[in-house]
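Here's a quick walk through one protein model, strand by strand and then as a whole. Have the viewer open while you read.

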Amino acid sequence: MASIGEWLAADRSPARRSGTVRVGSMASGVDVGLPWVAVRGARPGRTLWLHGQVHGDEINGIVAALRFVRELDPQAMAGNVVVTPTGNPQALDARRKRNPYDELDLDQSYPGNAGGLITERVAHALFAEVRGVADVLINLHTMNPLFDAPPYAVYKVHPGSTVTEADVLGAIAPFFPALACRQDVSGKGELPGNIAGALDYQCLAAGICAFMLELGSGSRLQPDNVALAERGFAGLAQRLGILEGKKAAASTLRTVSRRGWITADEGGLFVPAFKAGDRVPAGGSLGEMLRFDGSSVPVAALEREGILIGLRSDPVVHTGERLAFVAWEWQDASVTA
């Protein structure tokens with residue numbers, strides 16, 4: 001079967017097609033593959049690629065991308081839209097973040113390895129399709145299922161890319177995110193690991209404008225966040241000239257240059273005093289920890305002001321577990337129209 005890019009380039013007739021990029025098979029003989037849906041517009045133009053799920057417990061983006069592509073009219077389009085609803089099908093089927101067959105983090109495994117472990121092979125298969133085809137790619141995520149979070153974006157800057165930070169912020173603007181967090185690829189103040197192996201960072205290296213859109217909480221369907229993403233997809237498609245019209249986009253974005261997390265010193269039941277998205281003043285406490293002897297102790301006060309990117313909603317907490325993801329430094333940046 002032709003690759004996605006070959007089908008898009010085959011002719012200019014408006015059409016819709018779906019298929020699967022085969023990666024391998026299970027012991028039972030069942031194929032391991034990446035399903036895709038593509039819509040080719042009546043006129044030439046740019047290609048928007050929506051990647052619905054890297055981690056298996058991140059659902060909202062899958063629903064939003066499939067609903068958006070379902071409503072597209074090829075006759076009214078200039079350019080193309082491609083949706084790969086799951087980039088990690090084995091993790092999705094297992095309802096887990098990582099592929100249970102090798103426990104690798106897929107979003108630290110790009111551009112992949114054709115002869116590697118299954119996660120590396122999945123990464124390689126997807127990236128081979130994306131490279132040279134996508135103009136803009138959205139790497140869709142959610143936060144940990146144990147946390148609440150308003151929709152926000154995460155983006156990176158590649159020093160050797162033709163894509164500028166202004167280009168990325170312009171692509172983010174139609175989603176009106178609560179925050180746009182610039183991630184340090186070295187991992188400072190961020191999650192540990194091979195951050196440079198993220199799909200969006202490898203896209204930037206290949207000259208593709210890309211970012212991560214975090215759509216609330218994992219392992220659940222949140223209709224408001226799905227609807228927000230659908231509106232943003234339409235706005236971005238209009239910005240790219242794929243769809244007609246001009247949707248609203250944020251003129252400024254609150255960009256975060258440093259973020260981290262707060263962990264519990266003692267276990268118990270966490271009762272928060274704030275909501276995700278709130279600004280917590282220096283000296284403020286996130287809430288209290290109820291103990292099973294009936295007493296309580298406040299969570300240690302913040303030494304500096306912070307914005308709660310995500311706040312734990314599961315109250316059962318052990319020492320060392322995260323209570324919140326927090327933005328520590330931010331500024332408002334203008335977005336190029």
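## The sheet around strand 14

Leu290 has Ser296 of strand 14 as its bridge partner. Keep in mind that this is a predicted model. Leu290 belongs to strand 13, which covers residues 287–290 and pairs with strand 14 in the antiparallel sense over 3 bridges.

## Strand 2 and its partners

Strand 2 runs over residues 31–40 and is mostly covered, with 8 of its 10 residues buried. Strand 1 (residues 15–25) pairs with strand 2 in the antiparallel sense, over 10 bridges. To see how they line up, look for Ala15, which stands opposite Arg40 in strand 2. The hairpin made by strand 1 and strand 2 has 5 residues between the strands, and Gly29 there takes a positive phi near 95°.

Strand 2 also pairs with strand 4 (residues 78–84), again in the antiparallel sense, over 4 bridges. Arg40 turns up here too: its bridge partner in strand 4 is Asn80.

## A look at Thr255

Is Thr255 buried or exposed? Its relative accessibility is 6%, and since buried means under 20%, Thr255 counts as buried. You'll find Thr255 in strand 10, which spans residues 252–263.

Leaving out residues up to four places away in sequence, Thr255 touches Tyr155, Leu169, Ala180, Glu329, Trp330, Gln331 and Ala333. Ala178 is another one to check: Thr255 and Ala178 are 77 residues apart in sequence, yet their C-alpha atoms are 9.4 Å apart in space.

## The whole chain

The protein chain has 7 helices and 17 strands. Its radius of gyration is 20 Å, close to the 20 Å that the globule rule gives for 337 residues, so the chain is as compact as a globular protein of that length. Along the principal axes, the C-alpha atoms fill a box of roughly 70 × 50 × 35 Å.

Of the 337 residues, 53% count as buried. Among contacts with a separation of 6 or more, 72% come from residues 24 or more positions apart. The accessible surface comes to about 14400 Å², with 51% of it belonging to carbon and sulfur atoms. As for charges, the mean positions of the 32 positive and 36 negative ones are 5 Å apart.

Note on methods. Residues numbered from 1 in each chain as written. Predicted model: local features only at pLDDT ≥ 70, side-chain atom pairs only at ≥ 80, totals over all residues. Heavy atoms only, no water. Helix = DSSP H or I, 4+ residues; strand = E, 2+ residues; numbered from the N terminus. Buried < 20%, exposed > 50% of the residue type's maximum accessible area, 1.4 Å probe, protein only. Contact = heavy atoms within 4.5 Å. Rg over C-alpha atoms; globule rule 2.2 N^0.38 Å. Areas by Shrake-Rupley, 256 points an atom, 1.4 Å probe, with all protein chains shown as cover. Lys, Arg positive; Asp, Glu negative; His and termini not counted. Charge placed at Lys NZ, Arg CZ, Asp CG, Glu CD. Pairing = 2+ DSSP bridges.
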